[in-house]
Amino acid sequence: MREGDTVARLGGDEFVVMLENLDEQEIVAAEQVEVIGEKILATLCNPYQLRQQIFRSSGSIGATLFCGQIQDSEELLKQADIAMYQAKKVGRNTLRFFDHKMQEVIDARAAMEEQLRLALENGQFELYYQVQVDRVGLPIGAEALIRWNHPDHRMVIPEEFISLAEETGLILPIGRWALSEACAKLAGWSSDEKMRKFVLAVNISARQFRQTDFVDELKALIAKYALDPSRLKLELTESMLLENSTEASVTMNALKEIGVQLSLDDFGTSYSSLQYLKHLPLDQIKIDQSFIRDIATAPNDAAIVQAIIAMAEALRMDVIAEGVETEAQRALLDMQNCRAYQGYLFGEPLPVEKFESLFKDA
Ligand code: C2E
Ligand code: CA
Ligand code: CA
């Protein structure tokens, strides 16, 4: 560093460098920062010898300019921090400048996080129900899909908020709400002649599944609503079973002990390991809609679907196809011995009153 520059260690492996007396023109100042930053990175890349061992290290630098602008130091550090994470993301050992577009994205996410909190408090979430049918088209149950009735009168689909909810941990209270709401509805169906046999599938997020009290919470819900546990089906995804697979199988076995059903959602989209499949107590495999979409036109997808169904049969698991939209898709799946279906061909996700009015005993 030059004399007059400031270097500080904020904690852990994070350092701050403040460069003063840069050029007045922003673009030139940025170039100066870049040169100095590259020098720092190169220096950090030098090998270190500690005793007999050679160690290598690298850094990621985030930079922000404050030429002449009045900004508080915390704001500046936040900007540098954002840029640093961006540098890490693009592969480390690099320098990234903070830019305002990035800030806009981050601000929008922060605003959405706040709105999600309010949504929970104000009961803006709702479950939609999409019918699942058997081979001959008779309804056998439904999947509960969350919707957010946004205060500015639009309905938000999960794609727009589930991943943020997962990152922020808000998925825990949201998922808890969804599970409880689903159990309440399922309890209501048990007195209806036509719906009493319906099995309701609920999506469980990885974080929810990993909560130590997840199994106990579920037990409490089942007791509270006096549910037949076999009418509740939890949809899990492969990635959550693969990380910490020992823990995952302990949780799954505890869930089986309660008597709920377990389904493997989005099957085929991540690393499907036959090794774990045969050890896990799964009742059902749900073939991902990406394979169904092109099943009638792409021979490869048709072959994959056929293999998945044969495998499920061999492992004595049930199989359901999701995203079935056309009669051609259904016919092909039927030929391959698929046992259950879900998709627009049979019904879209519906608010509970509409769903019940279609299926309840008149
Ligand atoms: P998913 O579990 O794979 O849900 C199936 C998605 O496919 C749903 O989107 C559904 O509306 C849509 N879909 C159904 N039939 C068809 C069809 O024939 N064609 C096409 N193209 N799409 C169809 P949705 O409701 O937007 O949900 C998206 C994802 O959000 C879900 O994917 C699930 O991963 C997540 N999600 C939904 N509800 C919850 C929840 O309560 N908790 C958690 N953790 N995740 C949820
Ligand atoms: Ca699902
Ligand atoms: Ca799915």
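In this briefing, Ala, Val, Leu, Ile, Met, Phe, Trp, Tyr, Cys and Pro count as nonpolar, Asp, Glu, Lys and Arg as charged, and the others, Gly among them, as polar. With those classes in hand, welcome to this predicted model. The protein is divided into two parts, domain 1 (6–98) and domain 2 (123–360). Its largest pocket has a volume of about 1,400 Å³, and the structure also holds one cavity of 30 Å³ or more.

**The two domains**

- Domain 1 runs over residues 6–98, while domain 2 covers residues 123–360.
- Taken over C-alpha atoms, the centres of domain 1 and domain 2 are 46 Å apart.

**The largest pocket**

- This pocket, with its volume of about 1,400 Å³, has a lining of 43 residues.
- Helix H2 gives the most to the lining of the largest pocket, with eight residues.
- Sorted by class, the lining of the largest pocket has 25 nonpolar residues, 10 polar ones and eight charged ones.

**The second largest pocket**

- The second largest pocket has a volume of about 1,100 Å³, and 38 residues line it.
- Nearest the centre of the second largest pocket you will find Glu143, Leu145, Pro158, Asn203 and Asp265.
- Strand E8 (residues 139–149) provides the largest share of this lining, namely five residues.
- The lining of the second largest pocket is made up of 16 nonpolar, 11 polar and 11 charged residues.

**The cavity**

- The largest cavity has a volume of about 60 Å³.
- Around the largest cavity sit Leu172, Arg176, Gln208, Gln211, Asp213, Phe214 and Glu217, the residues of its lining.
- Helix H5 (171–189) and helix H7 are the elements that give two or more residues to the lining of the largest cavity.
- By class, this cavity lining holds two nonpolar, two polar and three charged residues.

**How the helices pack**

- Two packed helices are described by the angle between their axes and the distance between the axes.
- Helices H5 and H7, which both contribute to the lining of the largest cavity, pack at an angle of about 25°, and their axes are 10 Å apart.
- Because angles under 35 degrees count as roughly parallel, H5 is roughly parallel to H7.
- The crossing in which H5 passes H7 is right-handed.
- Helix H7 (residues 214–224) also packs with helix H9 (residues 245–258), at an angle of about 15° and with the axes 10 Å apart.
- That angle makes H7 roughly parallel to H9.
- H7 and H9 have a right-handed crossing.

Terms used: Residues are numbered from 1 along each chain as its sequence is written. Chains are lettered from A and ligands numbered from 1 in the order in which they are written. This is a predicted model: local features need pLDDT of at least 70, side-chain atom pairs count only at pLDDT 80 or more; totals for chains, interfaces and linings use all residues. Side-chain values use heavy atoms; hydrogens and water are left out. On a 1 Å grid over the protein atoms alone, a cavity is a set of points where a 1.4 Å probe fits but cannot get out, and a pocket is an open set with protein on both sides within 12 Å along at least five of seven lines; lining residues have an atom within 4 Å of a point. Grid points are joined across faces, edges and corners, and a volume is the space filled by probe spheres set on the points. Helices (H or I, at least four residues) and strands (E, at least two) are DSSP runs, numbered from the N terminus. Domain bounds come from an automatic or database domain assignment. Axes are lines fitted to C-alpha atoms, for helices over the stretch in contact, and angles run from 0 to 180 degrees between N-to-C directions. Angles under 35 degrees count as roughly parallel, over 145 as roughly antiparallel, 65 to 115 as roughly perpendicular and the rest as oblique. A crossing is left-handed if the near helix is turned anticlockwise from the far one by less than a right angle, and right-handed if clockwise.
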